[in-house]
Amino acid sequence: MARKFDIRPAIQELIDLLRFRSSYGRPCYIKRDTRYAALIVPELHNGPDGPYAHLRTFQRATIDEAINRGFVILGPCLVDVPACSGNRNHWATDPGHTGRTIQLTEAAR
């Protein structure tokens, strides 16, 4: 893995969030539009079958850079993302907007 000071803060935040939220044994998702990418993660409560939440929105370029640098990989196809809590006016909470799974690579673990 790249040295910690070689990684932009936004990418390091993405890695840290995925490291923690994926430890629940459930997938994390990313929904993207032309400029932004919304991270949809398991919530911290209600056990292993609890709800999902829109956690953070990143610049799409941040996700693309994390992929190109080998820190994360996206699922091979678009999937329906579980309903999530969050600002109902945010495009990521629209259940019709599909996304992909996102996970850390071994290089980022």
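Accessible areas come from the Shrake-Rupley method with a 1.4 Å probe. By this approach, the protein in this predicted model exposes about 6100 Å², of which carbon and sulfur atoms supply 54%. Its chain contains two helices and six strands, and these follow one another along the sequence in the pattern α-β-β-β-α-β-β-β. The radius of gyration is 13 Å, close to the 13 Å that the globule rule gives for 109 residues, so the protein is as compact as a globular protein of that length.

**Overall dimensions and packing**

- The C-alpha trace spans about 35 × 30 × 25 Å along its principal axes.
- Of the 109 residues in the protein, 39% are buried.
- When contacts between residues at least 6 apart in sequence are considered, 59% of them join residues at least 24 apart.

**Charged side chains**

- The protein carries 15 positive and 11 negative side chains.
- The centres of these two sets lie 3 Å apart.

**Strand E1 and its partners**

- Strand E1 covers residues 28–32, and four of its five residues are buried.
- E1 pairs with strand E6 (residues 100–104) in the antiparallel sense, over three bridges.
- Within E6, Arg100 is the bridge partner of Ile30.
- E1 is also joined to strand E2 (residues 36–42) by four bridges, and these two strands run antiparallel.
- Within E2, Ala38 is the bridge partner of Lys31.

Notes: Residues are numbered from 1 along each chain as its sequence is written. This is a predicted model: local features need pLDDT of at least 70, side-chain atom pairs count only at pLDDT 80 or more; totals for chains, interfaces and linings use all residues. Side-chain values use heavy atoms; hydrogens and water are left out. Buried means under 20% relative accessible area, exposed over 50%, partly exposed in between (1.4 Å probe, protein chains only). Two strands pair if DSSP finds at least two bridges between them. The radius of gyration is taken over C-alpha atoms; the globule rule is 2.2 Å times the number of residues to the power 0.38. Contact means heavy atoms within 4.5 Å. Lys and Arg count as positive and Asp and Glu as negative; His and the chain ends are not counted. The place of a charge is taken as NZ of Lys, CZ of Arg, CG of Asp or CD of Glu.
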